[in-house]
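This report covers one protein chain.

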Amino acid sequence: LVNGKRCERGRCQAKVNHVREGYANFYCWECHTQFFTASWKTSWVRYQRDPKISAILTHPRMAARLFGRDYYLAQNVFTTHGGEKYGPLLRYNHVDLIALSQDT
């Protein structure tokens, strides 16, 4: 159930038709791609055959969606107008840290 018509990010007044799947935010496409997510290029050589990276990107707690050959991962945690923080548990900057960890 969605109750809104405009992007919930700051001063943006763009119309929004649906909640972004997997991210649970009510952003217009421009705000979603420019401020909330970052593209993870799976075509980069260091990620092509690494099973750890594949496992991380497909994990249910990772806010990542595949579009074409690239994954779009959440990169920030945001704060609502009421001061409540929201965003995914695992973000863009965590992928390399998890993959390099000896415990994985």
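## The enclosed strand

Four of the five residues of β3 are buried, so the strand is largely enclosed by the rest of the structure. Buried means under 20% relative accessible area, exposed over 50%, and partly exposed in between, with a 1.4 Å probe and protein chains only. Strands (E, at least two residues) and helices (H or I, at least four) are DSSP runs, numbered from the N terminus.

D70 lies in β3. D70 counts as buried because its relative accessibility is 14%. Leaving out residues up to four places away in sequence, D70 touches S39, W40, K41, T42 and R65. A contact means heavy atoms within 4.5 Å.

## Basis of the model

The model is predicted: local features need pLDDT of at least 70, side-chain atom pairs count only at pLDDT 80 or more, and totals for chains, interfaces and linings use all residues. Residues are numbered from 1 along each chain as its sequence is written, and side-chain values use heavy atoms, with hydrogens and water left out.

## The sheet

The open sheet has three strands in the order β1-β3-β2, paired antiparallel. Its edge strands are β1 and β2, each pairing on one side only. Neighbouring strands are turned by 30° against each other on average, direction ignored. Axes here are lines fitted to C-alpha atoms, for helices over the stretch in contact; angles run from 0 to 180 degrees between N-to-C directions.

Five bridges join β1 to β3. Two strands pair if DSSP finds at least two bridges between them. T37 has A74 as its bridge partner in β3, and S39 has Y72. On the other pairing, β2 (residues 64-67) and β3 share four bridges. There, L66 stands opposite Y71. The β2-β3 hairpin has two residues between its strands, and G68 in the turn has a positive phi of about 70°.

## Helix α1 and its cover

The buried residues of α1 are C31, H32 and F36. They cover an arc of only 100° around the axis, so they sit on the same side of α1. The arc is that of the directions from the helix axis to the C-beta atoms. Their cover includes β1 (37-41), β3 (70-74) and β4 (78-79).

H32 is found in α1, which spans residues 29-36. At a relative accessible area of 2%, H32 is buried. Beyond its neighbours up to four places away in sequence, H32 touches R20, Y23, N25, Y27 and T37.

## Nonpolar cores

A nonpolar core is a set of buried Ala, Val, Leu, Ile, Met, Phe, Trp, Tyr and Cys residues joined through side-chain atoms within 4.5 Å. The largest has 12 residues, among them Y23, C31, F36, A74 and F78. A second, separate core of 10 residues includes W40, I53, A64 and Y71.

Y23 has contacts with H32, F36, T37, A63, A64, R65, Y72, L73 and A74, setting aside neighbours within four places in sequence.

## The whole chain

The chain has four helices and five strands. From the N terminus, they run α-β-α-α-β-β-β-β-α. Buried residues make up 32% of the 104 residues. Among contacts with a separation of 6 or more, 45% come from residues 24 or more positions apart.

The chain exposes about 7400 Å², and carbon and sulfur atoms supply 50% of it. Accessible areas come from the Shrake-Rupley method with a 1.4 Å probe; for residues, only the protein chains shown count as cover.
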